[in-house]
Amino acid sequence: MNYHNITYPDQNNGDGLRVVLWLSGCSHHCDGCQNPQTWATNSGIKFDDNAKHEIFEQLKKEYISGITFSGGDPLHKDNVDELYEVILDITSKFPEKTLWLYTGYTWDEIWDFSNKSHENIMRRQIVSFCDVLVDGEYVKQLRDTSLHWCGSSNQRVIDVQKSIKYIGLHQQKHKIVLWNS
Ligand code: SF4
């Protein structure tokens, strides 16, 4: 898994002041993407223990609300295994910090149980640890600068833990609860 940057304190990619991990790799190739330099999985540098240490040092700070995974697409198939391990580490060491994740995949694609590929199973595992998922590709024709946390109006800021209950209890994967700041 490669990454391009770790930024902090960041207030543009989720609630409060956050650490943002900008991962490499994206196969969506949206017209008008602001970060096309991140599309190649071998762009950026290898995510290693030093990068993890840098993130942990920030998460120790009381004023840091949590971490946001962006990119690139954190849920690119080449990221999911290592990202899952990183998330397990973060949630065990910092259970009080929130996790936001930006992806070009939609909620419905991720929770499509007919897709039994390893990467989609891992996507579901990862998302189930998150507090907020901003989903869907960027659509230039739907660009809306009034939206706080996303770029185009098709994208949704989803309260994962509330939405996931509809899948677990009612098998209603199409019902979502939007995050309410
Ligand atoms: S999903 Fe995000 S990073 Fe990937 S091409 Fe679309 S806007 Fe760019």
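This is a predicted model: local features need pLDDT of at least 70, side-chain atom pairs count only at pLDDT 80 or more; totals for chains, interfaces and linings use all residues.
**Entry 1: the ligand shell**

Which residues are around the ligand? I found Cys26, His28, His29, Cys30, Cys33, Asn35, Gly71, Gly72, Asp73, Gly104, Glu137 and Tyr138. Sorted by class, that shell comes to 4 nonpolar, 6 polar and 2 charged residues.

I picked His29 out of the shell around the ligand and looked at its backbone. His29 isn't a glycine, yet its phi is positive, at about 50°. I located His29 in the loop between strand E2 (17-23) and strand E3 (45-46).

Next I went to Gly71 and Gly72, which are also among the residues around the ligand. Is the peptide bond from Gly71 to Gly72 cis or trans? I got cis, with omega near 10°. Gly72 sits in the loop between strand E4 (64-70) and H2.

I noted another cis peptide bond, from Tyr8 to Pro9, where omega is near -20°. Pro9 has its place in strand E1 (residues 2-10).

**Entry 2: two helices side by side**

Helix H2 (residues 80-93) and helix H4 (residues 118-127) meet at an angle of about 20°, and their axes are 9 Å apart. Angles under 35 degrees count as roughly parallel, so I can call H2 and H4 roughly parallel to each other. The crossing of H2 past H4 is left-handed.

Which residues make the contact? On the H2 side I listed Val80, Asp81, Leu83, Tyr84 and Ile87. On the H4 side I listed Glu119, Met122, Arg123, Gln125 and Ile126. By class, the contact of H2 with H4 has 6 nonpolar, 1 polar and 3 charged residues.

**Entry 3: zooming out**

How many helices and strands does the protein have? I counted 5 helices and 7 strands. Along the sequence they follow the pattern β-β-β-α-β-α-β-α-α-β-β-α. The radius of gyration is 15 Å, close to the 16 Å that the globule rule gives for 181 residues, so the protein is as compact as a globular protein of that length. Taken along the principal axes, the C-alpha atoms fill a box of roughly 40 × 35 × 35 Å.

Technical notes: Residues are numbered from 1 along each chain as its sequence is written. A residue is near a molecule or strand if its C-beta atom, placed from the backbone, lies within 6 Å of it. Ala, Val, Leu, Ile, Met, Phe, Trp, Tyr, Cys and Pro count as nonpolar, Asp, Glu, Lys and Arg as charged, and the others, Gly among them, as polar. Axes are lines fitted to C-alpha atoms, for helices over the stretch in contact, and angles run from 0 to 180 degrees between N-to-C directions. Helices (H or I, at least four residues) and strands (E, at least two) are DSSP runs, numbered from the N terminus. Angles under 35 degrees count as roughly parallel, over 145 as roughly antiparallel, 65 to 115 as roughly perpendicular and the rest as oblique. A crossing is left-handed if the near helix is turned anticlockwise from the far one by less than a right angle, and right-handed if clockwise. Two residues are in contact if their C-beta atoms, placed from the backbone, lie within 7 Å. The radius of gyration is taken over C-alpha atoms; the globule rule is 2.2 Å times the number of residues to the power 0.38.
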